[in-house]
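Please view the sequence and the structure before reading on.

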Amino acid sequence: MGMTDPLADMLTRLRNASKAKQEKVDIPASNLKAHVARILKDEGYLKNYKIIKDGKQGILRIYLRFEGETKRPVITGLKNISRPGLRRYAKKAEIPLVLRGLGLSILSTSKGILTDKEARRLNVGGELLFSVW
């Protein structure tokens, strides 16, 4: 039986690896997950990521970022907003701020996978995927 929400699985794996202070986490690859990993890396939440070809689906290896000598995780929270049973959409004027702008919302729009700031700049709304802070 297939997985019903692969993005929620990715977020759970990232959340668990971050709390366990693991340096890297392996996730089954997809284009959506690769775009999300690229955005999280560009915004400074991840150290790096790479796609490993294995002749099948592929593996997305994500390297997590930590701060200081105590290895405090950069990702302190991940919240899944939209899910298969209940999709959440926001118009361009209704895109929420996460922690008054300190966090980040990821949206699926007609212009691709965007952050909340990019979506406001491009004047597009879309499906609210998740928030990270």
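An open sheet of three strands has the order 1-3-2, and its pairing is antiparallel. Strand 1 and strand 2 (46–52) stand at the edges with a single partner strand each, so one side of each has no neighbour in the sheet. Two strands pair if DSSP finds at least two bridges between them; strands, numbered from the N terminus, are DSSP runs (E) of at least two residues, and helices are runs (H or I) of at least four.

The model is predicted: local features need pLDDT of at least 70 and side-chain atom pairs pLDDT 80 or more, whereas totals for chains, interfaces and linings use all residues. Residues are numbered from 1 along each chain as its sequence is written, and side-chain values use heavy atoms, without hydrogens and water.

Strand 1 and strand 3 are joined in the antiparallel sense over five bridges. Within this pair, Pro28 stands opposite Ile59 in strand 3.

| Helix | Lies across | Angle |
|---|---|---|
| Helix 1 | strand 1 and strand 3 | about 165 degrees to strand 1 |
| Helix 2 | strand 1, strand 2 and strand 3 | about 155 degrees to strand 2 |

Angles run from 0 to 180 degrees between N-to-C directions, with axes fitted to C-alpha atoms, for helices over the stretch in contact. Contact means heavy atoms within 4.5 Å.

Leu14 touches Val25, Leu40, Ile62, Leu64 and Leu78, leaving aside residues up to four places away in sequence.
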